[in-house]
Each structure stands twice: as structure tokens, then as C-alpha cells.
Amino acid sequence: MKINFILNDEELTVDLDPLFPTLRFLREEKGLSSVKTGCGEGECGACTVILGSLDNGKLKYRNVASCLLPAGELDGKHLVTLEGINMTELSPVQKAFVDEGAIQCGFCTPGFIMSITGFLLSSKDLTKENILNAIDGNICRCTGYYSIKRATEKILLAAESGFDKEDRINSLAELSIIPEYFGSVKRRLNKIKNNSEKSSIITDPREAPVFLAGGTDLLVSGPGRPGPEVRLISDIENISEIFEDNNFIHVGAGSTVEDIIDSEILNQYVPGISDFMYLISSQIIRNTATLGGNIANASPIGDLSVLFLVLDAVLDIKSENGVREVLLRDFFKDYKVMDLEAGELILKMRVPKYSENRFFNFEKVSRRKYLDIASCNSASSFCLDGDVIKRCDLSAGGVAAVPLFLKESSSYLTGRKIGEETMNSVIEVAMDEISPISDVRGSSDYKRELLRRLIKAHFVKLEGWM
Ligand SMILES: Cc1cc2nc3c(=O)[nH]c(=O)nc-3n(C[C@H](O)[C@H](O)[C@H](O)COP(=O)(O)OP(=O)(O)OC[C@H]3O[C@@H](n4cnc5c(N)ncnc54)[C@H](O)[C@@H]3O)c2cc1C
């Protein structure tokens, strides 16, 4: 595939397999050694780069793990490595790391600097919480996090003076946080976009295409190509849109976890959804991992699948024959078996808008609180009439071959009074609905115990909310 993009300040056209990892391109073909090879699976952040793209005429930057960034995604974009923000003097970000002793062996440092510079280029608000969220995927194994935290506080102080959100690029350039060439990137990307030929993707009509969204599952699966033809989700118009009409919230399959965090509509109808989303991996993964990828990979512990199962969500699925709809609850058939034919594309998910006040909760247990895939997760949605449950929807992950809607438990709760007796009895119903297996994430008994506790957590939080 021919890929036209800007690497730091250089306009490039390269011919690469769309699945080729950007990390390998940067190190092996461009000799950019600031981008470190660490885990190779998006867990450590040593390979963090910044990716800029045009979105409705606006230039938007996000920090991403280059080990899981497929080269095809670079087309029409601005890729920035540490070399691309180095100037003759240290930037205030780099200087704060030096001044606070936040560097020891230095292996993780470029990744931290890129995540923080990406934060300054993109964050809605320059807050302590947001800057720490931006580095939640960067692991340091020798310096220690306190000096890094001190450096972030200094960076916020330096950035706040003279920072203008509406004129972000110029103000960051004036603060010497990014080089001046950033000011010309939007114009240059517009030019590249007009010359870009999307049809250059490899095609083989004999085989159904493999859809590539964020690549955070596909690229972890290893270097082998999944099939001869790769279709980039990001090439499909409007696939990342989130909007509402009278009846539904429409969430495009290409929406990333961070898009969901930022969506005012979703936060309004599903209170707390942003907080639940922060339990998914780290920002460098959340910036690329999509809703469609989470559902289509059909992992029994997929957080988004488990979460949307309690919201009556409907999938719009596109094939050559048109668009059909499938209830998310009917979509998962068996381990990694879905109601999705080869070549069919999940276009979007529609979430019905409810008129009643609802309590909504998501719980997740993993070996680490953040940055880890669940051992067991569960979501609940309650609609109450006083202390009587008018309607309840419960789901659980990690306790069956699929992300599981707990149908029996949900209908058992309808019409019952909230209280300890109801809670204990529905747990027994749930135990009959699940079939966990023992694996690296725990024994089947342990997973049963986890789900018991997660259901209790739903009830405890529900009583707090009432
Ligand atoms: C470090 C790390 C941490 C992670 N932590 C979590 C976590 O906490 N919780 C969690 O749930 N997951 C986690 N994941 C898994 C992964 O990030 C998510 O499942 C993510 O949502 C996958 O989306 P993607 O866009 O990257 O999918 P891709 O890798 O691009 O695709 C995954 C599969 O879906 C198919 N596909 C993608 N989009 C569509 C579509 N629109 N229609 C049809 N098929 C499609 C692809 O062909 C592929 O088979 C983690 C992954 C990594 C690497």
C-alpha cells in the first residue's frame, strides 16, 4: 500500500504492508532510535509516538503505542517521534524531567515525553488528573514515579502561562514546547489528503477482507497476515461518529474508547460511563482501540461488550446485501463465534434512549486496577419504582464462553424489592447461569466468587444512589 504522510517535518511516500508495525518502520527503516522496543504489545509505553490527523478540518493529535500502530493508519497523517519535537534547547517538558531527577536509565523517558507532549496538544483541560491519565500507559522500572509526578506538576505550571486552547499549536510553539514547523502541518496534510489514493490497498476478490480498526487485537496476534486483503476502518466515512436522534444514540464502530469518554451525549444518557472507560487499558491504547474491534473480537471479557449488553444495544451490520440489525444480546453465539459472516462490517451500535431515570454500573476485577484485562467484569442497569425493581439488566464477562447477558437473573429481579434477601437470591440464580473455566486468570471457583462480589457491589452502589 502506498502511504503518504508527514514524519516529523518530512513529507514521505512509502510502500508498506498496511499491517506492518510503525515501530519497526521507525527503527529499522528510518533509524529513529528514540522509539524504544519494549514489550511489543502496548503494555509499556516505551514506543509512544504522537499521531496527528485532520478531523472535520481540525488537526487533532493523540498519543499512541507505535508497536500496535499499523502502517496503513499513517496515510494522510502527521507522525511525531521525539526527534520531531527536539529543538536546540530542551523543551519545558524535557527540562522538567531533568530538573526533577525524573530520568535514570532513560529507556522509558522518550515515551513519557511524547505522552505528555501529546497531552498538551490534545487535552480538553490542563489538569493534574488529565496529565496523569495521559501517562497511565507509560511504565518506568527504575526512576520511580514520584519524581515523574513532580515533573508533571512543573510542566503544568510552565504550560499554563500563555497557553491558548483555541490557538493551541501557536501557543505551544511560543512556549517552546513544540517546534514551529507544527504551524504548517495542517496545510501540508490538506495537500496530502487531496493527492491520496485510497484504492491502493491490497485487494484480492477471492477472499473476504479483514477489517483493521485500532489494531490493538489484530497486531497483538503476531506478525502473520490474517488474510490477503486488509480494509482500514478509518477509511470509511462517518464510521467514528457519535450522535443522537429521537430514539437512539448512534455510536460508530470506529469510535475509540477515548471518543466514548469525550462524548457528552453518552455521558448524559449513561452517567458514569467515562469513569468505567478509564478502567480499560491505558490512554495510548484507548486512543486507538475501537468499539467495533472490541465487539468483533468477541473476547468473553471484552469490557465494552459486557457494558453495552445491559443497554439493549443494537448492531447495524453491513454486507453486500445491505444493512441488517442484530441485538447485541443475540450476537455472541459461542467462544469467538458471532452472528457475523466473513466480509460483514459492523457499522455502528445504537443505544435506545430511555425516558426513565436509570442506575447504571460497571465493575471489573483484574490483577491490576488499571492497565489490565479483566478476570471478571459485570454491568448492571436498574429502573426503580420506589424500592421495587421495575426492570433490571445484568451482564458478566469471564464466566462463560461469551460476554454473557444474565437473562434469568435479570428477569428474576423484575418486581422484587431491593434488599439483602433479593441480592443473595439473585446471586444463586446467576451461579446457575454461568459456566466459568479455570485458566491463567483464575480457577472457575475463584471466578464464581468474583461474580458473587460484583453483583453485591452493584447492589451496594444502587442503595447509595437511591
Ligand atoms: C495493552 C492492551 C490492553 C488492553 N486492555 C483491554 C481492556 O482493559 N479491556 C478490553 O476490553 N480490551 C482490552 N484490550 C483489547 C483491545 O484493545 C480491545 O478489544 C479493542 O477494543 C480492540 O479494538 P481495535 O480497534 O484495536 O480492534 P482490531 O485489532 O483492529 O480488530 C479486532 C478484530 O475485530 C475486527 N473488526 C474491527 N472492527 C470491525 C468492524 N467494524 N466490523 C467487523 N469487524 C471488525 C478485526 O478484523 C479483528 O478481527 C487491550 C489490548 C491491549 C494491547
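A residue is buried if 20 or more other C-beta atoms lie within 10 Å of its own, exposed if 12 or fewer do, and partly exposed in between, with C-beta atoms placed from the backbone. The structure is a predicted model, in which local features need pLDDT of at least 70 and side-chain atom pairs count only at pLDDT 80 or more, while totals for chains, interfaces and linings use all residues. Residue numbers start from 1 along each chain as its sequence is written.

**Exercise 1. Leu7**

Task: Determine whether Leu7 is buried or exposed, and state which residues Leu7 is in contact with.

Solution. Step 1: Leu7 has 22 other C-beta atoms within 10 Å and is therefore buried.
Step 1: Leu7 belongs to strand β1; strands (E, at least two residues) and helices (H or I, at least four) are DSSP runs, numbered from the N terminus.
Step 2: Two residues are in contact if their C-beta atoms, placed from the backbone, lie within 7 Å. Apart from neighbours within four places in sequence, Leu7 has contacts with Leu12, Lys30 and Leu79.
Step 3: Leu7 and Val80 are 73 residues apart in sequence, yet their C-alpha atoms are 6.1 Å apart in space.

**Exercise 2. The whole chain**

Task: State why the radius of gyration of the protein chain agrees with that of a compact globule.

Solution. Step 1: The radius of gyration is taken over C-alpha atoms, and the globule rule is 2.2 Å times the number of residues to the power 0.38.
Step 1: For 466 residues a compact globule would have a value near 23 Å; the protein chain has 23 Å, so the two agree.
Step 2: The C-alpha trace spans about 70 × 55 × 45 Å along its principal axes.
Step 3: The protein chain contains 17 helices and 18 strands, and buried residues make up 45% of its 466 residues.
Step 4: Of the contacts between residues at least 6 apart in sequence, 65% join residues at least 24 apart.

**Exercise 3. Domains**

Task: State which domains the protein chain has, and how many residues domain 1 and domain 3 each give to their contact.

Solution. Step 1: The domain assignment gives domain 1 (2-84 + 182-234), domain 2 (92-178) and domain 3 (236-465); such bounds come from an automatic or database domain assignment.
Step 1: The contact takes 18 residues from domain 1 and 18 residues from domain 3.
Step 2: On the side of domain 1 that touches domain 3, strand β4 (residues 58-65) gives the most, with four residues.
Step 3: By class, this side of domain 1 has eight nonpolar, eight polar and two charged residues. Here Ala, Val, Leu, Ile, Met, Phe, Trp, Tyr, Cys and Pro count as nonpolar, Asp, Glu, Lys and Arg as charged, and the others, Gly among them, as polar.

**Exercise 4. The ligand**

Task: State how many residues surround the ligand, and which element gives the most to the shell.

Solution. Step 1: A residue is near a molecule or strand if its C-beta atom, placed from the backbone, lies within 6 Å of it. The ligand is surrounded by 33 residues, the closest being Ala213, Gly214, Gly292, Gly293 and Asn294.
Step 1: Two or more residues of the shell come from each of β6 (210-212), α12 (291-296), α13 (303-309) and β14 (345-352). Helix α12 gives the most, with four residues.
Step 2: The shell has 17 nonpolar, 12 polar and four charged residues.
Step 3: Domain 1 and domain 3 each supply at least three residues to the shell.

**Exercise 5. Two helices**

Solution. Step 1: The expected span of a helix is 1.5 Å times one less than its number of residues.
Step 1: The 22 residues of α17 (residues 444-465) should span 32 Å, and its end C-alpha atoms are 32 Å apart, in agreement.
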